[in-house]
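Here's a quick briefing to read alongside the model.

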Amino acid sequence: METGKNYQLVIIGAGPAGLAASIYAARFGIEHVVIGALSGGQISESHLIDNYPGIEDATGFEFVQKWVHHVQKYGTEIMPLMVRSVQKNAEGFAIDLGNDKKIQSQTLLLAAGTKRRKLGIKGEDELTGKGVSYCATCDGFFYKQKTVAVIGGNDSAAGAALYLADIVEKVFLIYRGEKLRCENHWTELIAKNPKVEVLYKTNVVEIVGTEKVVGAKLDNPHHNQTEIAIDGLFIEAGSDPSVDLPQSLGTEMDEQGYVKIKSDASTSVAGVWAAGDITDGSDKFRQVITAAAEGAIAARSISNYLKK
């Protein structure tokens, strides 16, 4: 990276939206760079991806590597960095990457995705890294032949429970609702797996342990017990949009805190576009395919803007 360089476009976020935008930007001849601490974003941590057309049964890592290689094929640099701040100026936008690294860009594409949601319960912060995890594929290996719990009822929670079931002795899938809200495909697989037990209408109110997780207290007794013994707890409680940068730039947000975009992915701030899970686009259907589509649309719009 050349400090002080002036790009036509800086893409902030290296998930599906940012990487798809990069591929299209390169083909449109836009001089740009991608900045993201984690290539592929959260999708890189997925156990299995089987709903992206043309790619069957790929792990998150395998899936992301294909995207990264495609981006790099065009000579685009992916900077594994965090953006500290962005300031609008006469030339466009000044981007501070910390450690005296600064670059300039005529336009911005915000595609930082989401950050994992915490439960905010007793023991969560104290035991994070000591049995509390937010990534089953990252940490599941450490619980071979042990008992773990997964909190959540979405696709991510279901996928995490099934992934862990191949490693551990027992998985409690704990969900506050009466019915899992994941796809039927996942529900059917869970029902067939003898290692996974679903606890419905149940919340974890406290994570028990001092040096490591040893149990979880429940608000709905399980076999007349309000505490279950576990060795690890995986939290899949959804996510919130990473909107610190959009807010600092003054982009218009909706009532749920997502960036409002037009049909061409542009925001209320001139020179700024947004794509992927931080936006209110695609009917908020947060999938890899919709994020990629928004990224591609944004790249075309940015190309038209730069030509003017």
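For residue classes, Ala, Val, Leu, Ile, Met, Phe, Trp, Tyr, Cys and Pro count as nonpolar, Asp, Glu, Lys and Arg as charged, and the others, Gly among them, as polar. This is a predicted model, with local features needing pLDDT of at least 70 and side-chain atom pairs pLDDT 80 or more, while totals for chains, interfaces and linings use all residues. Residues are numbered from 1 along each chain as its sequence is written, and side-chain values use heavy atoms, leaving out hydrogens and water.

**Second largest pocket**
- The lining of the second largest pocket splits into seven nonpolar, five polar and five charged residues.
- Among the 17 lining residues, Leu119, Ile151, Arg176, Asn203 and Ala237 are the closest to the pocket's centre.

**Helix 1 with helix 2**
- The axes (lines fitted to C-alpha atoms over the stretch in contact, with angles from 0 to 180 degrees between N-to-C directions) of helix 1 (residues 16-27) and helix 2 (residues 60-73) come within 9 Å and cross at roughly 30 degrees.
- That makes helix 1 roughly parallel to helix 2, a label for angles under 35 degrees.
- Contact (heavy atoms within 4.5 Å) involves Pro16, Leu19, Ala20, Ser22 and Ile23 of helix 1, and Trp67, Val68, His70 and Val71 of helix 2.
- By class, that contact has seven nonpolar, two polar and no charged residues.

**Helix 1 with helix 8**
- Helix 1 packs against helix 8 (residues 288-307) at about 40 degrees, with the axes 7 Å apart.
- On the helix 1 side are Pro16, Ala17, Ala20, Ala21, Tyr24 and Ala25, which meet Val288, Ala291, Ala292, Gly295, Ala296 and Ala299 of helix 8.
- This contact of helix 1 with helix 8 has eleven nonpolar residues, one polar and no charged.

Note on methods
Helix = DSSP H or I, 4+ residues; strand = E, 2+ residues; numbered from the N terminus. Parallel < 35°, antiparallel > 145°, perpendicular 65-115°, else oblique. 1 Å grid on protein atoms, 1.4 Å probe; cavity = no way out; pocket = protein on both sides within 12 Å on 5 of 7 lines; lining within 4 Å.
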